[in-house]
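Reader: Hi! Could you walk me through this one?
Author: Happy to, here it is.

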Amino acid sequence: MAFMVKTMVGGQLKNLTGSLGGGEDKGDGDKSAAQAQGMSREEYEEYQKQLVEEKMERDAQFTQRKAERATLRSHFRDKYRLPKNETDESQIQMAGGDVELPRELAKMIEEDTEEEEEKASVLGQLASLPGLDLSSLKDKAQTTLGDLKQSAEKCCIM
């Protein structure tokens with residue numbers, strides 16, 4: 001019980017006395033934090049710099065990913081003629097303005113586009129009809145074309 005009271009009140013008491021002390025020992029705070037980590041002051045400062053650099057790298061990667069996603073969304077908005085979104089444009093601007101899609105996403109979009117073009121074509125529409133065999137239809141068309149060529153060769157007028 002005494003331990004609980006000491007831990008709850010002790011931290012608040014230290015904060016109160018630390019703020020009343022005038023703040024003349026700013027260096028001791030770093031030194032005590034470095035000693036608490038088991039490092040010298042220089043090692044602690046280097047550690048802090050490393051943490052800041054890692055955080056900046058993570059933030060840059062996060063911003064890049066957000067911009068890539070925004071680029072993907074804007075691509076689909078252009079493709080399907082949907083209204084543009086200001087937040088996507090601002091995310092792309094924050095990342096440097098010229099963001100390319102990752103290779104995997106670009107391949108997926110390319111495959112989707114090819115599939116849609118194939119379905120939009122006449123042969124794609126014919127393939128979707130039930131009970132229609134395209135290979136036999138193709139064979140019949142080729143034989144008919146061959147027959148027409150032979151009859152055209154035999155024709156005296158042409």
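Reader: Which residues does D88 touch, not counting residues up to four places away in sequence?
Author: D88 touches A70, R73 and R77, where contact means heavy atoms within 4.5 Å. Before we go on: this is a predicted model, where local features need pLDDT of at least 70, side-chain atom pairs count only at pLDDT 80 or more, and totals for chains, interfaces and linings use all residues. Residues are numbered from 1 along each chain as its sequence is written, and side-chain values use heavy atoms, leaving out hydrogens and water.

Reader: Thanks! Is D88 buried or exposed?
Author: Buried, because its relative accessibility is 3%. The cut-offs are under 20% relative accessible area for buried, over 50% for exposed and partly exposed in between, with a 1.4 Å probe and protein chains only.

Reader: And where does D88 lie?
Author: In helix α4, residues 86-94. Helices are DSSP runs of H or I with at least four residues, strands are runs of E with at least two, and both are numbered from the N terminus.

Reader: How many helices and strands does the protein have?
Author: There are 7 helices and 0 strands, giving the pattern α-α-α-α-α-α-α along the sequence.

Reader: Let's switch to T71. What is in contact with it, leaving aside neighbours within four places in sequence?
Author: I92, V99 and L101 are. T71 itself sits in helix α3, residues 41-79, and counts as buried because its relative accessible area is 14%.

Reader: How much of the protein do buried residues make up?
Author: They make up 9% of the 158 residues.

Reader: Where is E114 placed?
Author: In helix α5, residues 103-120. E114 is partly exposed, because its relative accessible area is 47%.

Reader: Nice. What makes the nonpolar patch?
Author: L129, L132 and L137 make a patch of about 230 Å², with areas from the Shrake-Rupley method and a 1.4 Å probe. Of these, L137 lies in helix α7, residues 134-154, and L137 counts as partly exposed because its relative accessibility is 39%.

Technical notes. Patch = residues over 30% accessible without salt bridge, like charges linked within 9 Å, V, L, I, M, F, W, Y side chains within 5 Å. Salt bridge = Lys/Arg side-chain N within 4 Å of Asp/Glu carboxyl O.
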